[in-house]
Every structure is written in C-alpha cells, then in structure tokens.
Amino acid sequence: MGRRGVRWAGPSEAVVAVEWQRYAEQMALLARNLAGQGSVQATLDAIASSAVKLIEGCDAAGILTVSRGRAATLAVCGDFVEESDRLQGEFREGPCFDAARRVDGERLFRIADMTRPQPSWPQYSRAARELGIGSMTGVLLYTHEEDFGALNLYSRRPGAFGEDIEAAGWLLASHAAVALATARTVDQLESALDTRHAIGEAMGILMERHGMSEDEAFGVLRRISQHHNLKVRDVAQRVRADHPGQV
C-alpha cells in the first residue's frame, strides 16, 4: 500500500507520516498567518514567501496574473520570477497559458526538466533555460474567460518537483486561493465604504453651500459625472478637494 494508505509497514512510512504531520501543522499556521494579513498585497507576498519556505526544492515562487491579455507579477520571492512572467506574457505561451486554456479542468502543471526542449512553447522554454530554471510546477488559482492567476514554483535543478511536492503545492494553493478571494472581498468592501463616504461628504458640501436637498446634490454629482465621463466617486473627491475646510 502506498503512502496514502492506512497500513504502516515500516520505518520509511512512519517517517513519511511524521513529515506530513509536520507539514499539516505548518499549513495550519500558514492559514492563520494569511488570514491576519492587512492588505491584498501583503497576502500575496506571504503566499509567495511561504511557498519557498515550505516546499522542498523550491528556490523561487511567484503569483502571475493575466488580465485582458496583459501579464503582471503580483508577488515574488526569489530570482528570475518577474522575468519568467514577463516572457510568458510577451510570447503568450508557456505552462501558465497552457493550463488556463485546457478544457479538461486540470489546474496543475509540472515541467520535470526545463533543460529539455518544450515543443509546445519553444520561445519561452528557451528563455527559461537561459534564466537557469531547471524545473517548474504551478497551480491555477482562478480562471475567468481569458483572465487567470497562477501560483508558480521554480527550482534551479531538473526533477525537483514530484508527486508529493505537487500535493504540497495543491494544499498551499488552496489556502492561497481562499486568502486571495477573501483579501479581494475585504479590499472591495473597504473601497465601497470609502466611495460612499466621499460621496456623502461631497453631497453635504453642496447641500450646505447651495441649499440643496440630498436628491438635488446627488443629481449635480451625477450630471457632472456623465458630462465629463468621470466616476461619481472621482467627482465627489474633487468637490472635497475644492472645499477642504468643510470636510
């Protein structure tokens, strides 16, 4: 029976059990750490650094996102990550793009030996070898039409990521996806509250200075927004900036 079985036949299996117990404890600590981050960026940085710290053989890690065809690096821990992301975006090829385009639902990819030619993405693989990437694995965090995000793990040596490492990567990515979604939700809520506060203050200024009702004040903000093709929030912020003593 393999490592996932319930029968303990020898010392090697006992050692594996201890290692996975230790890893589970580390993941529990990681989950609490991610939940305690104060911003989206802090959450992303913690995810990348935790990957290098927790996953054996991982020399660098990063979170890549592609939105409207443009690639951007959201978090980095280690060398060559940003350049790898940039090259995938420039060539519009590579393991992340392949994973995002797959129709079978598989969200994990692994390149055991990047030093060998990769016919599916010749430009990227050639550049990756020049960067010193020996092997690579990654997990998609989300996909939406042409947009996607991925947690990528890099090693300088070929064959660094086996099936056990992939399982660890899955666990980390699961926490990462939840933390990222939560962080985005919190960030959106805070942005919405800030917007409502700014609009409320701008309406108050207009009501006080021009004797308007709430509906009339908001109507003014909305008309300026439509006329100048600006968001109501941006119009409100300009009103506040023009009357700092009344905020």
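Two strands pair if DSSP finds at least two bridges between them. With that in mind, here are some close-up views of this predicted model.

**View 1. Strands E1 and E2 run side by side in opposite directions, an antiparallel pair.** Look for strand E1, which covers residues 60-67. Seven bridges join E1 to E2.

**View 2. Five strands make an open sheet.** Reading across the sheet, you meet the strands in the order E2-E1-E5-E4-E3, and their pairing is antiparallel. Which strands stand at the edges? They are E2 and strand E3 (108-111), each with a single partner strand, so one side of each has no neighbour in the sheet. From one strand to the next, the twist averages 20 degrees. Helix H2 (residues 40-54) packs on the sheet, where H2 touches E1, E2 and E5. The direction of H2 makes about 65 degrees with that of E2.

**View 3. Phe80 and Tyr154 form an aromatic pair.** The structure holds three aromatic pairs, and this view shows one of them. The ring centres of Phe80 and Tyr154 are 5.5 Å apart. Their planes meet at 75 degrees, so the pair is edge-to-face. Where in the chain do Phe80 and Tyr154 come from? Phe80 is in the loop between strand E2 (70-77) and helix H3 (81-91), while Tyr154 belongs to strand E5 (residues 147-155). Phe80 counts as buried because its relative accessibility is 13%, which falls under the 20% cut-off. Tyr154 is buried too, with a relative accessible area of 0%.

**View 4. Trp121 and Tyr124 form another aromatic pair.** Here the ring centres lie 6.1 Å apart. The planes are at 65 degrees, so this pair is edge-to-face. Are Trp121 and Tyr124 buried or exposed? Both residues are buried.

**View 5. Ser225 sits in helix H7.** Helix H7 covers residues 214-228, and Ser225 is one of them. Ser225 is buried because its relative accessible area is 9%, under the 20% cut-off. What does the side chain of Ser225 reach? Follow the side chain to the backbone oxygen of Leu230, at 2.3 Å. Leaving aside neighbours within four places in sequence, Ser225 is in contact with Leu230, Lys231, Val232 and Val235.

Technical notes
Residues are numbered from 1 along each chain as its sequence is written. This is a predicted model: local features need pLDDT of at least 70, side-chain atom pairs count only at pLDDT 80 or more; totals for chains, interfaces and linings use all residues. Side-chain values use heavy atoms; hydrogens and water are left out. Helices (H or I, at least four residues) and strands (E, at least two) are DSSP runs, numbered from the N terminus. Buried means under 20% relative accessible area, exposed over 50%, partly exposed in between (1.4 Å probe, protein chains only). A polar contact is a pair of N or O atoms within 3.5 Å; within protein, one must be able to donate a hydrogen and the other to accept it, and residues adjacent in sequence count only if both atoms are side-chain atoms. Contact means heavy atoms within 4.5 Å. Rings of Phe, Tyr and Trp (its six-membered ring) pair if their centres lie within 6.5 Å; planes under 30 degrees apart count as stacked, over 60 as edge-to-face and the rest as tilted. Axes are lines fitted to C-alpha atoms, for helices over the stretch in contact, and angles run from 0 to 180 degrees between N-to-C directions.
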